[in-house]
Amino acid sequence: MKCTEVQEHLSAWLDGEVPEELRPRLADHLAACPVCQAELAALERLDASLAELEAPPASRALAAGVLRRLPRPTPSWVRSLALAACLVLGIFIGSSLTGTLYKGIQPTNGNLTQLEIFQAYPQGSVGGAFFYQGEEDNSA
């Protein structure tokens, strides 16, 4: 390997992020090349110096500026009102659709089971829920 290629990977070498297939070639070059050894030593000293630095605390002005730029949360009553409006609209649309879907169905003798439209629905289905047997005989 050439020194320029090795020096491109020295930072990854320090972080332990060199791919497996490249490690033996880098290790061999570093063992034999004093220039790359010096470069690696300089990077190790820089890394150690940076690790000793403490991050300065964020200023209060910076935090206040960030908070000013954040969007204000909507009040909870606005969300509740929007949810209530959606529910009312859904109930209205649902009730108006069911009213127009079955508007033309007229039972004969109060018995919806005799209508041909309900004969295709299996027991317990949505269509089967509209079966009307007339007045039930509760005398038994």
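## A quick tour of the helices

You're looking at a predicted model, where local features need pLDDT of at least 70, side-chain atom pairs count only at pLDDT 80 or more, and totals for chains, interfaces and linings use all residues. Residues are numbered from 1 along each chain as its sequence is written, and side-chain values use heavy atoms, with hydrogens and water left out.

Switch to cartoon. You'll find six helices and zero strands, running α-α-α-α-α-α from the N terminus on. Helices here are DSSP runs (H or I, at least four residues) and strands are too (E, at least two), numbered from the N terminus.

Next, select histidine 29, in helix α3 (residues 23–32). Is histidine 29 buried or exposed? It counts as buried, because its relative accessibility is 13%. Now show its neighbours: leaving out residues up to four places away in sequence, histidine 29 touches Met1, Lys2, Cys3, Val6 and Cys36, a contact being heavy atoms within 4.5 Å.

Last stop: aspartate 15, in helix α2 (residues 10–15). Aspartate 15 counts as partly exposed because its relative accessibility is 49%.

Note on methods. Buried < 20%, exposed > 50% of the residue type's maximum accessible area, 1.4 Å probe, protein only.
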